Amino acid sequence: MALKLNHVHLKTHNPKKTAEFYVENLGATVEAELGTNGYRLDLHGLKLNVTTHIASQTREQLYGMEHIAIDCDAGELDGLVQKLKANGTPILEETSVGGGRRVCFFEGPDGVQLEFIEMKA
């Protein structure tokens, strides 16, 4: 059996605001509106479903997730962080990880944490 990633699902109180955050700050594109529930986004090849709780699902539904990591090219991190700051996005941590790569953790809607990882040239 071949497995592959289908999507990451973000559940939020405000799908429109959350989708706008990913479009405006991270360059996601809207692939589809999911009825009155929310949106399907393409975040540089990662499919994100952004919805409210779905009434037809009977299991316990939670809001948010831990974090999404996004690679950026060497030299781009500072500009991306400045854009986040200008948009009022909370910056949680700026540090370095293995191989001396710089990273920035920041907070998206509903407390979802995101991370930019600067890739070496």
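1. Contact range. Residues 24 or more positions apart account for 49% of the contacts in the protein with a separation of 6 or more; a contact means heavy atoms within 4.5 Å. The model is predicted, so local features need pLDDT of at least 70 and side-chain atom pairs count only at pLDDT 80 or more, while totals for chains, interfaces and linings use all residues. Residues are numbered from 1 along each chain as its sequence is written, and side-chain values use heavy atoms, with hydrogens and water left out.

2. Overall layout. The protein has two helices and eight strands. Along the sequence they follow the pattern β-α-β-β-β-β-α-β-β-β. Helices (H or I, at least four residues) and strands (E, at least two) are DSSP runs, numbered from the N terminus. The C-alpha atoms fill a box of roughly 45 × 40 × 25 Å, taken along the principal axes. Of the 121 residues, 36% are buried. Buried means under 20% relative accessible area, exposed over 50%, and partly exposed in between (1.4 Å probe, protein chains only).

3. The four-stranded sheet. This open sheet has the order β1-β4-β3-β2, with mixed pairing. β1 and β2 (29-34) stand at the edges with a single partner strand each, so one side of each is left without a neighbour in the sheet. From one strand to the next, the twist averages 25°. Axes are lines fitted to C-alpha atoms, for helices over the stretch in contact, and angles run from 0 to 180 degrees between N-to-C directions.

4. Strand β4 and its partners. Five of the six residues of β4 (residues 46-51) are buried, so the strand is largely enclosed by the rest of the structure. Strand β1 (residues 8-11) pairs with β4 in the parallel sense over four bridges. Two strands pair if DSSP finds at least two bridges between them. Leu10 stands opposite Val50 in β4, and Lys11 stands opposite Thr51. Strand β3 (residues 38-43) pairs with β4 in the antiparallel sense over six bridges. Here Leu43 stands opposite Leu46 in β4. The hairpin of β3 and β4 has two residues between the strands, and His44 takes a positive phi near 55° there.

5. Helix α1: geometry. Gly27 follows α1 and has a positive phi, near 75°.

6. The buried residues of α1 are Pro15, Thr18, Ala19, Phe21, Tyr22, Asn25 and Leu26. Seen down the helix axis, they fall within an arc of 160°, so they line one face of α1. The arc is that of the directions from the helix axis to the C-beta atoms. On the other side of α1, Lys17 and Glu24 are exposed.

7. Aromatic pairs. How many aromatic pairs does the rule give? The count comes to two. Rings of Phe, Tyr and Trp (its six-membered ring) pair if their centres lie within 6.5 Å; planes under 30 degrees apart count as stacked, over 60 as edge-to-face and the rest as tilted. Phe21 and Tyr22 form an edge-to-face pair, 5.3 Å centre to centre with 85° between the planes. Both Phe21 and Tyr22 are buried. Phe106 and Phe116 form a tilted pair, 4.8 Å centre to centre with 40° between the planes. Phe106 lies in strand β7 (residues 101-107) and Phe116 in strand β8 (residues 113-118), so this pair ties together parts that are ten residues apart in sequence. Phe106 is buried at 0% relative accessibility. Phe116 is buried too, with a relative accessible area of 5%.

8. Asp73. Is Asp73 buried or exposed? At 52% relative accessibility, Asp73 counts as exposed. Asp73 lies in the loop between β5 (67-72) and α2 (77-86). Leaving out residues up to four places away in sequence, Asp73 touches Glu118 and Met119. The C-alpha atoms of Asp73 and Leu84 are separated by 17 Å, with the two residues eleven apart along the chain.
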